[in-house]
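Good morning, everyone. I have one structure to show you today. Please take a look at it before I start.

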Amino acid sequence: MDDEEKLLVTQSHDPVIAARIIRNIETVERDWHLASGLLSERLMRDVRELFGKLTPENWKMFLSGWSALIVPPEWKMTRGVGNGDAWLELAEFCDAEEEEYSWIAAAVGIGSTKMGLELQFRNGLIPLGEALIANDKAIDALLKLGFVRDAAKERLYIPVKVNADLLAKGFQENDLDKALAPVAKAIELALSVKESLNALVEQVREAARRN
């Protein structure tokens, strides 16, 4: 449990905070449903449009729930049917899996949730992908370029953090382009290091062939 989570536990036992929430429960509930519903839907709709603009012509883009993923031609399926052997997907990372957060919260990095452009593998390759991602030497170059791993060293991604003030201003002005600049930068970084990512995906494929 990190310091922020400890603070939340402490606050949950604070009678003054409890009373304030209860007295304002109508606003709290309404705002939560807006944040997790219509506002998050608008945010991710603009994110998907951004993916569409930045995805190279020879790549494929797929919708993934409210998010999106992109697949270069080199990563197409070698077995079965699906998006590809691997892909890059804008995903949420939450330290407290049992808790529920909105895409708005993930985008601005509130609490224990955050957002990132993640390298993901199809089901049959996930264990091999996780093993390679846990190997410091195998992904050292990508880590130096801006990729990071989760605490379990199983997920590899480019962190994306949207500025909350810019996002609020974007909603006020009905234009989220400036707020979504970190998403664009993550996509552009991933495109710029595709050869390194190709090598990683090929190592996973080779390990699967040996098995």
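**Overall picture**

Of contacts in the protein chain between residues at least 6 apart in sequence, 56% join residues at least 24 apart. Keep in mind that this is a predicted model.

The protein chain has nine helices and six strands. Its C-alpha trace spans about 60 × 40 × 30 Å along the principal axes. The chain has 211 residues, and 39% of them count as buried.

What about the surface? The accessible surface of the protein chain is about 12,300 Å². Carbon and sulfur atoms account for 53% of that surface.

Next, charges. The protein chain carries 26 positive and 35 negative charges. How far apart are the mean positions of the positive and negative charges? The answer is 5 Å.

**Rings**

Let's turn to the aromatic residues. How many aromatic pairs does a search of the whole structure find? It finds one. The partners are F93 and Y157, with ring centres 3.9 Å apart. Their planes meet at 25 degrees. Why is the pair called stacked? Planes under 30 degrees apart count as stacked, and the angle here is 25 degrees, so this pair qualifies.

Where do the two partners sit? F93 is in strand β3, which covers residues 86–94. Y157 is in strand β6, residues 156–160. They are 64 residues apart, and the pair links distant parts of the chain. Are F93 and Y157 buried or exposed? F93 is buried, and Y157 is buried as well.

There is another ring to point out. The charged end of R42 sits over the ring of F171. The distance to the ring centre is 5.9 Å.

Is I158 buried or exposed? Its relative accessible area is 4%. Buried means under 20%, so I158 is buried.

Which residues does I158 touch? Leaving aside residues up to four places away in sequence, it touches M115, G116, L117, G146, F147, A186, L189 and A190. For a separation in space, take I158 and Q203. They are 45 residues apart in sequence, and their C-alpha atoms are 20 Å apart.

Now some backbone. Most residues other than glycine have a negative phi.

Take K153. Its phi is near 60 degrees, a positive value, and K153 is not a glycine. K153 lies in the loop between β5, residues 148–149, and β6. It is partly exposed, with a relative accessible area of 34%.

Then N174. Its phi is also positive, at about 60 degrees, although N174 is not a glycine. Where is N174 found? It is in the loop between α7, residues 164–173, and α8, residues 181–192.

Compare its position with D85. K178 and D85 are 93 residues apart in sequence and 33 Å apart in space, C-alpha to C-alpha.

Helix α7 itself holds D165. D165 is exposed, with a relative accessible area of 63%. How far is D165 from E26? In sequence they are 139 residues apart, and in space 25 Å, C-alpha to C-alpha.

One more residue: A141. Its place is in helix α6, residues 136–145. Its relative accessibility is 48%, and A141 counts as partly exposed. A141 and I25 are 116 residues apart in sequence, with 49 Å between their C-alpha atoms.

**To wrap up**

Here is what I would like you to take away. The chain has nine helices and six strands. F93 and Y157 form a stacked pair. K153 has a positive phi, and so does N174. Thank you.

How values were computed
Residues numbered from 1 in each chain as written. Predicted model: local features only at pLDDT ≥ 70, side-chain atom pairs only at ≥ 80, totals over all residues. Heavy atoms only, no water. Helix = DSSP H or I, 4+ residues; strand = E, 2+ residues; numbered from the N terminus. Buried < 20%, exposed > 50% of the residue type's maximum accessible area, 1.4 Å probe, protein only. Contact = heavy atoms within 4.5 Å. Areas by Shrake-Rupley, 256 points an atom, 1.4 Å probe, with all protein chains shown as cover. Lys, Arg positive; Asp, Glu negative; His and termini not counted. Charge placed at Lys NZ, Arg CZ, Asp CG, Glu CD. Phe/Tyr/Trp six-rings, centres within 6.5 Å; stacked < 30°, edge-to-face > 60°. Lys NZ or Arg CZ within 6 Å of the ring centre and 35° of its normal.
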